[in-house]
Amino acid sequence: MRWKPSAWISDTLNALLVRAVGIVLVFVSTMVLAGILGPAEYGTYSTALGLAMLLATLAPLGTDRILSQTLACRIKEDSPEHNEPGNSDSAKAIAVAYQCTIISMGFLLTLLIAFAVLSSLAGMSSAWTATTLSAAIILVPLTLSYLRQWTAMPIIGTSRAMLAEQTLLPAAVISVVLISNIFGWKFSALSMAAIYATGSGLIFAGSISFGRLRDLHLTALKLASGISRDDVFTMLRRGLPLVAVSIGAVASQSTLPMAIAAGCGFENAACFALAIPYATLPAVPLGVLGLSLIPRCARLYARGEISEANHCVRSAATLTFWSAFVVAAGVWLMSPQLIHVLGPQYQAVVHVMPVLLIATLIDCLTGPTVPVMQTMGLQHFYACAFIGHWPLQLILVVILGGFWGLTGAAAGYLVSRSLWNLLVVIQIYRSPGLLMLPYLNPLQASVTNHSSLLSDLSAVAAKARTA
C-alpha cells in the first residue's frame with residue numbers, strides 16, 4: 001500500500017479531535033474533584049499528579065523517543081514483512097526500552113518512598129508526605145501508559161494510541177468519583193491517587209491485549225531474558241540527548257503546583273492548578289500548527305529554503321496570536337462565572353486569570369518555536385536554555401509567591417515565560433535566521449504556492465464533510 005501525503009494529516013486531525021474531547025473531560029474532572037476534595041486536598045492531589053507526570057516522562061530517559069523512531073522505520077506500510085506483528089527486531093527494541101524504563105522507574109520510586117518516610121520522621125507537613133506517597137502510587141502505571149503510547153503511535157497511529165488515556169481515563173475517574181459521592185464516601189489525595197493509578201493500570205493492561213500491540217509485547221516478553229547490558233547502554237546513549245526535549249514542556253507546567261505549594265501553600269496550588277488549564281486554552285491553535293509544521297519545517301530547512309520557512313513560521317505566528325487573542329478575550333470575560341461552578345473558596349482563580357492569559361499570549365506571539373528548534377539544528381540550544389530557564393522559573397514563582405501570594409506566583413510565571421520567549425526569538429533569528437514574530441499586517445499571513453499545508457488540511461476537512 002502506497003503512503004499518501006494526506007495520511008499523516010488525517011491522523012493529526014483525528015488526534016486533535018481526541019485531544020479536544022480529552023480537554024473537555026479533563027475540565028469536567030478537575031471541577032468535580034475540586035468541589036469534592038476541597039482546596040487543601042485538591043492542592044495536594046494536583047501537586048502529586050504533576051510530580052508523577054514529570055517523573056513518568058523522565059523515567060524512560062529518552063528511550064521512548066528512540067523506540068518510536070525505531071518502530072516508525074521498521075514498520076512500514078509498503079513493507080509487508082515489517083508489518084508482521086511478531087517482528088523480532090521491533091519486539092527487541094520494545095523489550096530494551098521497557099527494561100531501561102523499569103530500571104530508572106525503580107530508582108525514582110525508591111527516592112519517592114524514601115523521601116516520604118524521611119519527611120514523616122522529620123516532622124514535616126503531612127501534606128508533603130501525602131503528596132510524595134500519592135506520586136509514588138501513580139508513578140508506575142502512568143510511566144507504563146506513557147511508554148505504551150510512544151510504542152503504539154508508529155504502529156496504530158497517534159489518534160488511536162492516545163485515545164484511551166485522553167478519554168477513557170478521565171471519564172472513568174469522573175464516574176467513580178460521582179458514584180462514590182452518591183454513597184457518601186469521603187475522598188483524600190491518597191485515595192484519588194489510588195483511583196487514578198488503578199484506572200491507568202487497567203487501561204495499560206487492556207490496550208496491549210489486542211491486535212499488533214499484543215503480539216509485539218508477547219514477543220518482547222519472550223526476548224526480555226536475552227537482552228544484554230550492551231543493548232541497554234546503547235539505547236540509553238541514544239536516548240539521553242533527548243531527555244531535555246522530552247521533559248521540557250511537562251517540567252515547566254507540572255512542577256509549578258509544587259513551587260506554588262512551597263511558596264504560598266497547597267490551597268493556592270489548588271487554585272493555580274484550576275486556573276492554568278483555562279488560561280492555556282488560547283494556546284490550543286499553537287499546538288495544532290506546531291504538530292503540523294514539524295515535517296514542513298524539516299523539509300524547508302533541508303532544502304535551504306529559508307525565506308519560505310520564514311514566511312511559513314511567521315504566518316503560523318500571525319494565525320496563532322490573533323486566534324489566541326480572541327480566545328483569551330472570551331476566557332477573560334467568562335472567568336467570573338467560574339466562581340459559580342467551583343465555589344467561593346476558589347475566588348483566587350479569577351484574580352490570577354489575566355496574568356496567566358498574558359503569559360499564554362506571549363507564548364503564542366512567538367509562534368511555533370519548538371518545532372523550529374527541533375528540526376533546524378537547535379536541539380542543543382533548546383536543552384541548554386531549558387536547563388537554565390526551568391530553575392529560574394521555579395525560583396521566581398517561589399520567591400514572588402512568598403511575598404504576594406498566588407498573584408505574585410503568577411507574576412513570576414509571566415516574567416519567566418517572557419524571558420524564555422525573548423531568548424528563543426533572539427537565538428532563532430541569529431541562526432537559522434527566522435523572525436519568530438507575527439506580521440504587523442495579518443493579511444500577509446497568506447497561503448502561497450510554498451504553503452501547501454493549509455490547503456492539504458482544507459482538502460482533508462472537505463473530504464470528511466462529504467463522507
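Is Leu-118 buried or exposed? Select Leu-118 and take a look: its relative accessible area is 55%, so it counts as exposed, the cut-off for that being over 50%. Keep in mind as you go that this is a predicted model.

Now widen the selection to residues 88–121. That stretch is helix α3, and Leu-118 sits in it. Next, pick out Ile-113, Val-117 and Leu-121 along with Leu-118, and show the surface. Together these four make a nonpolar patch there, with about 410 Å² of accessible area between them.

Next stop, the cysteines. Select Cys-100: with a relative accessible area of 3%, Cys-100 is buried, because anything under 20% falls in that class. Then jump to Cys-384, which comes out as partly exposed at 44% relative accessibility.

Now color by pLDDT. The chain averages 84, and 88% of its residues reach 70 or more. Select residues 348–365 to see helix α15, which has the highest mean pLDDT among the chain's elements, at 95.

Two stretches deserve a last click. Over residues 1–5, pLDDT stays under 50, and the model gives them four contacts beyond four places in sequence. Residues 447–453 also stay under 50, with eleven such contacts in the model.

Methods: Residues are numbered from 1 along each chain as its sequence is written. This is a predicted model: local features need pLDDT of at least 70, side-chain atom pairs count only at pLDDT 80 or more; totals for chains, interfaces and linings use all residues. Side-chain values use heavy atoms; hydrogens and water are left out. Buried means under 20% relative accessible area, exposed over 50%, partly exposed in between (1.4 Å probe, protein chains only). Patches are made of residues with over 30% relative accessible area and no salt bridge: like charges are joined within 9 Å, nonpolar side chains (Val, Leu, Ile, Met, Phe, Trp, Tyr) within 5 Å. Accessible areas come from the Shrake-Rupley method with a 1.4 Å probe; for residues, only the protein chains shown count as cover. A salt bridge is a side-chain nitrogen of Lys or Arg within 4 Å of a carboxyl oxygen of Asp or Glu. Helices (H or I, at least four residues) and strands (E, at least two) are DSSP runs, numbered from the N terminus. pLDDT is the predictor's confidence in each residue, from 0 to 100. Contact means heavy atoms within 4.5 Å.
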